[in-house]
Structure formats: structure tokens, C-alpha cells
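Subject: Structure to look at

Hi,

Here is the structure I promised. Please open it first, then read my notes below.

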Amino acid sequence: MAKRSAPGPLEYLRRWPLQLWLAGVGIFLYAPLVALMVFSFNDSRRNIVWQGFTLKYYEKALNNASLIEAFVNSLTIAAVSTFLSLILGALAALALWRFRFPGKAGFDGALALPIVAPEICLGVAMLVFFAKVLPWPQGLPWPLNLGAIIIAHVSFSFPFVAVVVRARMASFNRELEEAARDLGASEWRTLKDVILPHMAPSLIAGAFLAFTLSLDDFVITFFTSGPDTVTFPVKVYSMVRFSVTPEVNAASTILIVLTVVLTAIALKVQGDPASTAGGHAALDRPKNRP
Amino acid sequence: MSKPIITFENVTKRFGRMVAVDNVSLTIDEGEFFCLLGPSGCGKTTLLRMLAGFETPTEGRILIDGQDISNVPPNRRPVNMVFQSYAVFPHMSVADNVAYGLKIDRVPAAERDRRVEEALELVQLGGLGSRKPDQLSGGQRQRVALARALIKRPRVLLLDEPLSALDAKLRDQMRTELCTLQETVGITFIMVTHDQDEALALASRCAVMNRGLLQQVATPNDLYEFPGSRFVADFIGSVNLFEGVLAVDEQDQAVVRSPELPADIYLDHGVTGGRGATVWAALRPEKIELHKYTPGQPPPVLDDSPAGSNLVRGVIRHESYLGSESTYDVEIAGGRRVRVLRSNLTRWDQEDFALGEEVWLGWHACSPAVLLN
Amino acid sequence: MEQHWKSAKGLFGAVLGPPLFWLVLFFMIPMGIVWLYSFGENRGLTEIALTGTFSNYLRALDPLYLKIFAKSVGIAGLTTLICLIIGFPVALAITFAPPKAKTWLLLAVMLPFWTNLLIRTYALIAVLRTEGYVNQSLQWLWNGLGAVVGVLGVGSLGPFQPLELLHNNFSVVLGLVYVHLPFMVLPLYSALDRLDTSLLEASLDLGAGHLRTLLTIVAPLALPGIASGVVITFIPALGSYLTPDLLGGPDSQMIANIIERQFKRANDWPFGAALSFLLMYMTFIAIALQAMLSRRRREPS
């Protein structure tokens, strides 16, 4: 390979103090997670000294019926709430993008509230709502018993989807729509052939976001769930309160791997990590190079 | 006599696998208005940015006043730059923008204020010091950028496509002003541009670049009349190129024979190519004369070329009337089209050369340039 | 151009209806009830009478609770400051990284952000606890040192005293920084990335050093982005429940923990509702401050 030139004045990444800094931040962010994953394979309950490779904690975790149930619950809730959030979020974004109507600013502002409101406030609101207004019946068959949690999750997820979709729609060239209409497409046909394809990447990003938010949520679920509707984070919480055990490590490792796999899939479909972060897409900076 | 102020020694710059600047050696003298000219992506901006210190050469050295500045950061180089986007700091007033460099140099406030005032006067922005950049027009912002760079009294002023963002009228005006400004301040200007008219009008010397390679360094006049390669001939102005063989090559005459042209191209000077070499004859449209063809009449007489050379017959296939002049595409035997530019000397005579007319094309023995590559 | 809703009433209704319905029924109404409860009083075990009293808010002014509010703001502020200090150089390096490295670095910052909060908190517990990785490593070093000292015959080091890294304010701040760092880096990056590079180059060209360029050019121009990073970090940090609950000690409770106690254990919903809305108002104030700051910057003075 050819010789590299000396770092240019703004190539901060090639200067050692910043490399050191980045390495430090990397260790800070990743070392605890890596340690957690590594010690889920360690054949010792207490010691951090490596005692040999084992899968027995995975076996234990997978044989823990209540942990599995919680895991399945979490995935079910995430899937259903993602689906609903996607529809509601896309509709909200379309309404704000397409129409001028009285109270638009109010709707826009109210839609932002679930995003900015502290989780705990949303959690207690859901607790009160399902205690006083809409008591969710006990003992419903699965998955109907998860209804309350799903409703709560949709309430805080769909505004995020709306934000992502709306950011995408801002870059839509309305002349495309006019061209479709000019060529004879009906309103619905235009939506299907021109608007939805433009929206598609943001729907994927939004789905990823909603799924992660749902899977990640502890506080709001904690206030909404009953004794027979335990999710994975709530289950882990009750286990962690007692002690640190390799089983929790094993279960956590499974979820981390799941997250990484999901992320990889989202990136494969999406291409650009910045746009998957929830509207932080700003990679299109013009470079003043010849 | 002029002395060199900037020297590029075998400078190469790669971005990954892309070679932006390929082994360029170049010397620029003190007091020159030097233009780096080329199509976009030719490496001219990279060359300028290496001079300013924003890119570092992969290989080679850059000297200013004989000092190797490869390891000098941009803030310690005796050069200042006018950016393509002007890069006027949007959060500072015009005066603060212009004073920025002096503040860094810790120039006392009184002297600083005086020099800011002078610099603003120099670029005809007197009295606008308290404005914010978003209250200025594009042309005014450019003047701020100029004043801001010149106030540091740099050894060399670098200009990156300074006129490209201005509209046509303003561009013409700024062109004249840049020229005057350089004469006033008397420092070396190095300007990057892709606009050949701009380069020809402003530069004392030009470097033409293509794909990272230096093609030719010459005065505007020499670039146009004595291009060194087909690329330069074609890039600067428009040209008719005829590929052919050097049939005669003597001390005081040469003949190029091209299969595209029914007549020989006769030159009244020798070419350093050697007989039998493949060459290209470059003929500028305005150096071809149009003559009326009348059946039965003898062809026009060219007094400096032997009979049968430098004269071909054709049919006008396309005509663009541009007011002061007209261009014609003339199809000659064999199907090749030749472009001719003709001044409309009277109010009527372009009517002799209408579409479909048969004409003679002739040129002087000193007009074609013979290119070896 | 936006379409007036009357020109396509059917489509408009179909598009706006569902999200509006959901937002009102499953967000505005629950929030509204909590807001009403904050002016209510407990009557019996489950009855709450809406008496319009301000006593719940007055009770929040009790020094005990004021202290917790102040402490929460302090902890969240400290967290934000540390995130800013750690995150700024990271964002700067990412901004000027070559495209490929930039993608990977952004991914590296975001991956923990997508990982379950509880797992990340749990991972920190495993690192910090008395038998955690830090203390066990230190103990191993200590014992090694002790052996060396013993061999040299200088004396003995005594038994290893594990560091109390968990269940105190330090671990809460550490945990909050750990969790919220990506919140800071991403807005900072997108603010820096929007800056015209030639402004930085112009500053360097005119003789300014890197630090001076950062202070006089980058910081003022990126200020709205910095402010949004600060608010995006501060708000969830202020309202965090899990981190102080799991990593904190008895005296590192934050507002959210007090609110939880009112609803789940003390069963004093009206007071919890009042605290909850005080937290909401604090959030709004933070957002309003940021909005004011970015608006003032947009207008030419």
C-alpha cells in the first residue's frame, strides 16, 4: 500500500490524544457489557477468575420457565406495539405533512409530549388509567392479558415513529406526486406508487426504533404490568434485586446478541446508521474536495 | 527581476487509492497573478489546499520563500485564503470578521481598528463594519473574505474559485476589481478556477491541470496560441483537431497530411517531431477564413502557402448568429465538420454564408499549431 | 404546499383520526387524571376526592422533598456536564473522520444506546459491587503487592479493604453518565457535522490555533446543537428511576423514586401526582430554555 500522508489539520481522528480519548470512552461503554457476556460462560458462581468454559447457565436460564415466559411476553408486546405504532405514527406524520387544519400546532405539540415527558410520569399515568378508567380484566388468555402493556407501549412509541417518518417526508419532492397525478394516477394510486416508496426507509427505521423502545422499557411496564404479565426487563429487575447471578448474565447475553442482530438487519436494510438513530441523519455534508 | 516565492517539488497527494495530485513540480514567482486552471476533479483545489495547509502532501515538498513548510500548520503559514463559500463567520460582524486575524496576532486595538478601516475601504466596504454577514449580498461577503485575508498582509493570497458563486454581471465587475486589487497590494495571488475566460483575463501565468497532472504552465497568450497538448488546446477555447502524419519536417517548413482533410496542412516553420510522426494539427475557428464559392471561378489565392494546401471546399451545415460574430459548421469532403468563427464586418455580409452554401475554407501557414500528444 | 383539510375531508379524517384518538384516549386522558389527582385528597383506601386543594404542592415544598428535588437537579446537571466533557471530543473526532470510520464510530456509540437499559445497569452492578470485577482485580493486585512486601520483609499490608463503589452518589452519577452518553454525542455530532468546514479552515488560515478555533468559531456556531444535547441528556437524567434505584444508596434517591413510592408503597396518589407534575414542569422549563436560546441565536441581533 502507498505511503500515507501526515494528518491534515482537521483529521482529529488521526491524532493520538483523541485516539486515546476515544479508546477510553470505548472501554467505558463496552467493558461492562463485554465482561457481562464473557462471565456468562465462566464456570464459577462468584469468582471473576476464569474457571473454564460452560454453557450451564444458559441451560439454567432456558429451563427457567418464568424467565422464558417473560421473554416471550416481551417479544410479543414489542411485535404488536411496533405494528400499531407504525400505523399510527405514519398516519400522524402524513396528517402533519399533508394537511393544513385548525389546531395543527396543538396536535403537533401534544404528539411531542410522550417523547419528552419523563418515563415515570407516563408510568404513573398508565397505572392510574388502568386502575380507574379502564381496569384491564385479570385472567384473560394470552396474549390478551398483555393488552394494557401494549397500549402503554404504543402510546410512547408511535410519536417516535411519527417524528422519523415526518423527517423523511420533509425531503419528498412534491413534483413527484404531481407527476404521478399528471400521468393519470388516482389519489390512492399516488399514495401507493410514489409516497409510500419514499416513506419506506423511515418505516423501517421507525419499526426498529419502536421495537427497541418496547423491548427496552422497564419503568412504564413496571407500573402497568400485573403479577401474571411479567416482561423480560421486569423479570430481570426482580432477579437483579436479589443478587448478581450468571443466569442473569446468560439471559442478558441472549438479549444483547438479539439487539446486535436486529441492529445489523436494520442497517442492512437501511444502510445508514445515522438515520436509524431517530432523526439524527446528517451525513450529507458537502465536502469541498475536487 | 522576479524571484520564486513558491515551489512545489514532486508533490503527490492521494486520497485512499485516488491520486488527486500526481507528481507536480511548479515554481511561482513573487508578484504573479497565477491561475490554476482545469476541469473539476483535476486536483487544482487540492494543490491550493496543500499550499494553505489543509491537506498534507503524500509525497514531495512545498517551499515558501525557500523554506519547507510541510510541517507548518495552516495557522503559522504566511499565506491566507479566500474560500469558495467565502467562509465569513456568520456570528461576527463584518469588522469582527476582518479583525479576527489581527486579534490573534495581538495587534493593539488602535492599530487594529485603523487597519480594519483601511481594509474595508480597500474592498469598498467602508462604513459597513457593523453589519452582520446575513445582511450582506454575495458580492459583499466576498469582499469581506478578501479584506479578512489581505489584512494579515500575507506573502501569498490564495483564492479558491472566488467568482464562481456570483452572477454573470457581478463576476465581470469583480474580475476587474481583483486585477486592480492585486496591483494595489502588490502581493502574489494564486487563484483556482475552472473558468478559462477568467483565467485568461486575470492571470499573468496559468497552470493547466488534468487528472492530477500538470499539463502546461504558460502565459494566457501562449496557452491559447501555443498549446502544449490536445487537452490544453481543447480545454482553452474551441479548436478543430486533425490527426495526421508529419509528411515534411524541415527547418523552415512542415506539412501535415490528415486523412480527414482533402488538402495538406502547410506550415511555415519546422516541427520538432520528425518525419512520419503521428501529430495533431490544431486550428482555431477564428483563424479559418470563409470565402464564397462560385462554380467555374478559381479558388481564392493564399499568398503564403503552396497551391493545393491550406484550402478546402465545404458546405455550410449549421450556422449560429451571435450578433458580433457567427459560427459555422462546414462539412468538407469525407464528412468531417469544421467549425469556423467569423466576425460580421458589415451589416449584410453574413448573408453570403447561409445554410447549404458552398464555401472555401482557408488559413495562413502560421495559424495551425502542431501537437505531438 | 400543504392541502387544506376541507379539500379532502374523507382522507383527512382517515389519516388524522386514529392517531388523534389514540393520543387523546391513551395519553391525554391518563395525564389529565393524574393532573386532577394532584389537586385531590385521599379519602379512605382507594377513594380520592378532587377538592381543588394545593396542599400536595405545598407539601412538596417541605425541606425534605426540596432537598431531593435539588439533589436530583444536581445529579442530573453533573451527569450532563460530564457527558458534555466526555462527549464533545468524541463528537468532534467523528465529525471529521473519513466516511467509513464515521459510520463505524457512530454505530459504536449507538449500539449501547439500543441495548436494554436494565442490562446495562446490571452490567455496571457486576463491575462495581463489593465482589465485582473492579474490587476483585484490585484485591488480586493487592495480594500480589502484599506477597512482594512480605518477601522484602518490610512489613505486611493487611487484609484487602474492598472499595465501596456501589450504592452511593458516585455510582448513580457514573451509571447515569454510562447510560446517557450516547444521548449527548449524537446531537453534538449532528450539530458539528452541519458546520461548514471551511469556517474552521478559515479560522486556522487566519492564524488561530485549534483551541481558539473551537472556542471562538465552533462553540458559538454549534451552541444550539450543544443546547439540544444538554437538554436531551438532562431531561431523562432528571427523571431517571432505574439507575438511582439499583445503583444508589439510601440517600441517593431521586424524584422518580419518591414518585414511585407514593404510588406503589405509600399509596398517596394525590401527592405522587403533584410530584409527578412538578417533574413535568421542570422538564418543560428545560425545553423552553433551550427553545429560547436557539431562537435568540437565529435572530440577528
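Look first at strand 1 of chain C. There, C:His4 is the bridge partner of A:Arg100. That pair belongs to a link between two chains: strand 1 (residues 99-100) of chain A and strand 1 (residues 3-4) of chain C run parallel, joined by two bridges. Bear in mind that this is a predicted model.

**Where chains A and C touch**

How many residues does each chain bring to the contact? Chain C brings 78 residues, and chain A brings 73 residues. On the side of chain C that touches chain A, helix 1 (residues 9-37) of chain C gives the most, with 18 residues. What kinds of residue make up that side of chain C? By class, 58 are nonpolar, 13 are polar and seven are charged.

**Chain C as a whole**

Chain C has 12 helices and three strands. Its radius of gyration is 25 Å, while the globule rule gives 19 Å for 301 residues, so chain C is more spread out than a compact globule. Along the principal axes, the C-alpha atoms of chain C fill a box of roughly 90 × 70 × 35 Å. Of its 301 residues, 48% count as buried. Now take the contacts in chain C between residues at least 6 apart in sequence. Of these, 70% join residues at least 24 apart.

**One helix in chain B**

Now turn to helix 3 (residues 109-122) of chain B. Its 14 residues should span 20 Å at 1.5 Å a residue, and its end C-alpha atoms are 20 Å apart, so the two agree.

Which residues of this helix are buried? They are B:Val116, B:Ala119 and B:Leu120. These three cover an arc of only 95 degrees around the axis, so they sit on the same side of helix 3 of chain B. Here is the general rule behind such a pattern. An α-helix has 3.6 residues a turn, so residues three or four places apart point the same way.

What covers the buried residues of helix 3 of chain B? The cover includes helix 2 (94-104) and helix 4 (138-150) of chain B. The face turned away from the buried side carries the exposed residues B:Ala110, B:Glu111, B:Arg114 and B:Glu121.

One last detail concerns the stretch after helix 3 of chain B. B:Gln124 follows the helix, and its phi is positive, near 60 degrees.

Best wishes

Key
Residues are numbered from 1 along each chain as its sequence is written. Chains are lettered from A and ligands numbered from 1 in the order in which they are written. This is a predicted model: local features need pLDDT of at least 70, side-chain atom pairs count only at pLDDT 80 or more; totals for chains, interfaces and linings use all residues. Two residues are in contact if their C-beta atoms, placed from the backbone, lie within 7 Å. Helices (H or I, at least four residues) and strands (E, at least two) are DSSP runs, numbered from the N terminus. Ala, Val, Leu, Ile, Met, Phe, Trp, Tyr, Cys and Pro count as nonpolar, Asp, Glu, Lys and Arg as charged, and the others, Gly among them, as polar. Two strands pair if DSSP finds at least two bridges between them. The radius of gyration is taken over C-alpha atoms; the globule rule is 2.2 Å times the number of residues to the power 0.38. A residue is buried if 20 or more other C-beta atoms lie within 10 Å of its own, exposed if 12 or fewer, and partly exposed in between; C-beta atoms are placed from the backbone. The expected span of a helix is 1.5 Å times one less than its number of residues. The arc is that of the directions from the helix axis to the C-beta atoms.
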